[in-house]
Amino acid sequence: MTTTTPHATGFTVAEEHAMAAALRAAATGVRGANPLVGAALVDRDGRLVAVGHHRGAGTDHAEVDVLHRAAAAGATPERIAAATMVVTLEPCNHTGRTGACTEAILAAGVRSVVHAIGDPHRAAAGGAHRLRAAGVEVRDGLLGDAARDLNRRWLTAVGTRPFVTVKVAQSLDGGIAAADGTSRWITGPAARADGHRLRALADAVLVSTGTVLADDPALTARRPDGSLGDRQPRRAVMGLRPVPADAAIRGHDDRFRHLPTRDPAEALAGLYADGVRHVLIDGSPRLSAAFARAGLIDELVVYQAPVLLGGRPAFPDLGLATLDDALRFVPDEAGGGAATRFGPDTRLRFVPARRGGPTGSDAHPATDPVDDTVDTTKG
Ligand SMILES: NC(=O)c1ccc[n+]([C@@H]2O[C@H](COP(=O)([O-])OP(=O)(O)OC[C@H]3O[C@@H](n4cnc5c(N)ncnc54)[C@H](OP(=O)(O)O)[C@@H]3O)[C@@H](O)[C@H]2O)c1
């Protein structure tokens with residue numbers, strides 16, 4: 001078993017293992033507006049008492065989940081109180097749809113907390129301060145890089161611009177339309193249904209004037225039977241040409257916006273001012289290439305159909321001269337896995353490779369499939 005010997009970083013080996021387990025649990029959560037958060041309790045002997053995680057907006061936060069799990073697994077209140085709470089994000093200090101995590105930790109009598117990264121969300125920040133004021137020992141920075149990687153989407157969204165997901169439906173050879181411009185449908189119904197699910201998660205869907213004029217998409221989030229889903233994103237079009245008065249994207253509400261610019265940063269600023277924190281660029285090849293050139297793709301979702309198409313590439317005009325300039329991505333294993341089959345098609349999810357960082361599939365070691373092994377020894 002791991003020891004409680006202080007680690008070079010000021011954390012014990014057991015705490016580091018617990019944080020790795022919390023990160024793996026967090027990665028199984030639901031990608032959406034909320035951060036992916038995991039928590040673990042590790043006892044004085046360095047044994048893992050329980051691991052928990054957050055399962056999406058409105059459900060228990062990770063800290064509350066792990067406390068419930070520890071009790072359900074038979075840990076006594078004394079053993080829980082004597083344990084160290086290890087959590088991937090600073091515990092929140094505000095009561096939203098669920099109670100403040102700081103209060104749950106204090107109510108359980110936990111006296112030692114380790115978190116990976118601070119919470120930049122203003123309404124929630126101050127958790128560490130609140131806990132310290134109540135006499136709890138709080139340490140931070142354990143596996144902080146892995147925690148930041150896991151929640152880059154959310155950390156961007158509480159920053160200064162929306163998080164940008166680019167979605168592409170393409171052939172095996174990277175084509176998104178045939179030579180004559182026809183592009184419906186490259187992927188099958190299951191992949192398209194998942195694409196609609198992606199739309200429903202975003203605050204806004206963005207396409208170019210070029211795509212609106214070529215395809216006249218409605219950009220609504222629809223169920224497989226064609227009916228409208230409960231959550232609808234805003235619809236935005238970017239480009240200098242006017243959007244026809246009868247374009248389907250205008251819809252019948254006030255949630256349409258034309259951004260008369262070709263500058264990705266300007267478009268994002270406009271969307272951010274509207275309250276958009278997560279934008280989905282739904283196809284639009286030259287627009288997607290412009291965001292890639294500007295380094296403004298945070299997540300790439302590729303639906304790959306088993307077909308060879310030739311025709312038009314998904315990312316024209318990247319302006320790259322040599323392989324050294326290639327824009328590299330790494331598979332994103334969090335939130336359901338980097339590769340998922342939808343009928344004959346495959347969904348691939350990527351995040352940009354960090355400059356100078358690993359470029360292989362080992363770039364996110366903390367997000368491997370969750371290991372649920374816990375020691376339920378009673379204290
Ligand atoms: N398979 C798929 O997933 C998928 C999805 C969508 C579309 N498509 C296909 O893509 C084709 C449309 O492609 P497209 O070549 O017209 O590319 P596009 O990216 O859809 O549109 C290009 C137009 O977008 C505007 N624009 C805005 N910002 C831009 C920027 N930074 N850089 C370049 N253009 C910018 C420009 O119009 P302004 O002159 O108005 O500024 C430009 O002419 C259609 O055949 C459509 O069917 C396929």
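Before you click anything: helix axes here are lines fitted to C-alpha atoms over the stretch in contact, and angles run from 0 to 180 degrees between N-to-C directions. You're looking at a predicted model, where local features need pLDDT of at least 70, side-chain atom pairs count only at pLDDT 80 or more, and totals for chains, interfaces and linings use all residues. Residues are numbered from 1 along each chain as its sequence is written.

Start by selecting α2 (residues 62-72) and α4 (residues 101-108); their axes come within 8 Å and cross at roughly 30 degrees. That makes α2 roughly parallel to α4, a label for angles under 35 degrees. Helices are DSSP runs of H or I, at least four residues, and strands are runs of E, at least two, numbered from the N terminus.

Now show the side chains: E63, V64 and L67 of α2 meet C101, A104, I105 and A108 of α4. Contact here means C-beta atoms, placed from the backbone, within 7 Å.

Next, pick M19. Leaving aside neighbours within four places in sequence, M19 is in contact with V86, V114, A116, L142 and L143.

Finish at the ligand. How many residues surround the ligand? The shell holds 24, and the closest are S208, G210, G239, G283 and A290; being near means a C-beta atom, placed from the backbone, within 6 Å. Colour β6 (163-170), β7 (175-177), α9 (209-215) and α11 (285-293), the elements that each give two or more residues to this shell. Helix α9 gives the most, with five residues.

Definitions and conventions. Contact = placed C-beta atoms within 7 Å. Parallel < 35°, antiparallel > 145°, perpendicular 65-115°, else oblique.
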